[in-house]
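Hello,

Here is the structure for your files. My notes on it follow below.

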Amino acid sequence: MTPLFEAKRLGKRFGDAVVLEDINLAFAEGRLSGIMGPNGAGKTTCFHCLTGRYKPDRGEVWFAGENITGLAPRAIARRGIARSFQIMSLFDDMTALENVLVATPGLRARGFDMARDAAAATGLAEEAAATLARVGLRGKELARARSLAYGERRALEIAVALAARPRLLFLDEPTAGLGAEGTARLAELVRELKRSLTIVIIEHDMPFLFGLADHVSVIHWGQVIARGTPDELRANPWVQRSNLGALA
Amino acid sequence: MARVAEELFVQAARAPAPEPRLAPAGLVTRPMVVAFLALATTPLWLGALGLYQYLALEITIWMIFALGYNLLLGHAGLPSFGHGAYFGVGAYAFGLAQKHLVASLWIDLGLAVLAGAAAGAIVAAFISHRRGIYYALLTIAFGQVFWFVAIKWHSVTGGEDGLLDLRRLPADFGFASFSLQSNEALFFFALAAFALVVVGLWRLVHSPFGRILHAVKQNEARAAFVGHDVWLYKWLAFVISAAIAGLAGALFAMAQQSAYPNVMSLHNSGFVVMMVLIGGGLVSFWGPVIGAAFFILARDLLGAYTETWLLWYGLLFMAMVLFKPEGIAGLWQQYVGRRAR
């Protein structure tokens with residue numbers, strides 16, 4: 001089966017430091033794929049290369065049969081790839097509803113309309129409210145993003161990404177900073193999203209990732225050292241040697 | 001009766017909550033009507049306060065300039081410290097068009113707006129990929145370039161003397177023509193321009209463009225990651241802001257009947273920043289309007305007592321930035337909020 005998203009021989013260095021070397025990844029449509037690895041393994045750099053924040057020094061990134069290597073984040077987003085951020089990146093002084101609204105393709109399509117009231121655009125606010133409800137933020141529509149609780153802000157992060165109606169959703173360490181209860185709620189949400197979306201998650205929390213992912217790639221020393229189903233990885237000697245096996 | 005009321009209450013509680021919506025902005029709001037009326041009636045009461053009509057004219061022109069500037073600073077979060085340049089470009093374009101092209105109010109005003117927009121478009125093309133301090137420094141540098149050209153290109157700009165003896169051209173509507181020779185007539189003309197700018201900008205900041213611009217202000221990176229062309233939004237905001245500055249500059253050239261390099265100085269660019277910040281442009285659409293009125297009135301009223309009025313105004317500015325950065329509009333919002341509680 002042709003993967004929906006593929007990274008081929010990806011390389012990235014910062015000065016003398018080689019952060020990614022020959023990374024090959026493939027994410028199949030309709031599946032939840034995970035990327036794991038210890039701190040400093042190059043996971044986030046890899047994520048940034050896949051989603052357009054960094055331009056890879058070499059290698060190619062393909063999405064739905066199109067080479068998207070080096071495209072700007074907006075161009076990648078417009079092709080149907082959305083992402084959330086490990087360090088939350090919201091429109092803090094806007095309400096939850098406005099946060100989601102500005103990410104909808106409907107508002108983007110009207111983006112250069114300077115004469116009409118955005119509030120009069122039919123269906124957009126309703127669509128944004130439905131997205132908020134989907135991530136469990138019903139009733140919080142008019143709360144400012146900065147006033148939301150930590151877990152709610154995490155949910156809003158995902159709602160903003162979902163608002164773009166992506167075909168592929170990247171989640172960068174979505175459990176960062178969440179307690180056990182928040183993580184459980186998030187797992188439930190991701191499980192629900194998995195039914196309709198292709199998802200890729202970078203995650204430190206191995207029980208969380210192994211409980212959700214169909215397929216996981218392990219990055220260490222800037223390379224993919226192992227890949228497989230969660231069960232296969234638990235038994236993998238490389239993974240055990242890199243001290244990640246114990247965490248799983 | 002009580003049972004019916006109780007049933008209605010229970011039904012209401014069970015009914016699904018109304019869908020949350022964005023509050024409609026409206027085309028002409030109550031504060032707009034109040035502002036227009038307050039300004040339009042100045043000929044009736046200004047003299048009684050010991051003030052004069054030219055002051056209202058000058059305030060109105062600076063309000064237009066400050067409103068346009070705040071599209072950039074307050075609504076897009078882009079700090080331009082050289083915006084006097086576009087005000088000056090508008091003033092010079094109006095004067096040059098009148099002297100060398102055609103003496104028509106509408107054409108000369110249109111050219112002034114276009115010149116401001118064109119100058120803004122060129123500068124914004126160079127700086128829109130920057131943000132923060134680099135953006136601010138580049139706006140100063142470009143502003144100084146325009147000022148330097150105005151001083152040195154003597155054959156066109158008149159050098160340090162500027163363009164003198166500019167005319168207050170009549171407003172010709174075809175079926176009728178109105179002289180703008182008197183300060184009062186020119187004031188009403190400027191007030192009409194102010195009303196157009198207010199209604200236009202109000203609509204713009206509540207339009208999809210304005211909402212996205214607001215998102216760009218708050219988080220440029222995230223705006224790009226949800227698919228917006230951040231560079232283009234920043235560029236357009238600068239161009240529109242510079243076009244409005246050009247309009248204000250042209251009106252100023254009419255008011256002063258001259259265009260001179262001082263209007264492009266760093267000094268003048270600083271004034272509009274002070275107006276917007278003291279007025280509360282960062283928290284309110286009306287901040288620049290309040291700030292411009294406050295600044296010009298402070299200049300005249302304080303200036304009547306001391307030559308060092310700007311020192312006192314500067315101290316006030318510092319106090320405001322330190323203790324109430326939301327400005328006068330922020331103070332007002334705080335007061336209204338307390339009363340509502």
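**Notes on the model**

Chain B comes to 16 helices and two strands, where helices (H or I, at least four residues) and strands (E, at least two) are DSSP runs numbered from the N terminus. Its radius of gyration, taken over C-alpha atoms, is 22 Å, close to the 20 Å that the globule rule gives for 341 residues, so chain B is as compact as a globular protein of that length. The rule is 2.2 Å times the number of residues to the power 0.38. Of the 341 residues of chain B, 48% are buried, meaning that 20 or more other C-beta atoms, placed from the backbone, lie within 10 Å of the residue's own.

This is a predicted model: local features need pLDDT of at least 70, side-chain atom pairs count only at pLDDT 80 or more, and totals for chains, interfaces and linings use all residues. Residues are numbered from 1 along each chain as its sequence is written, while chains are lettered from A and ligands numbered from 1 in the order in which they are written.

In chain A, six strands form an open sheet of mixed pairing, in the order β6-β7-β8-β3-β9-β10; two strands pair if DSSP finds at least two bridges between them. At the edges are β6 (81-83) and β10 (223-228) of chain A, each pairing on one side only. Strands β3 (residues 32-36) and β9 (residues 215-220) of chain A run parallel and are joined by four bridges. A:Ser33 has A:His215 in β9(A) as its bridge partner.

Regards

Definitions and conventions: Buried ≥ 20, exposed ≤ 12 C-beta atoms within 10 Å, placed from the backbone.
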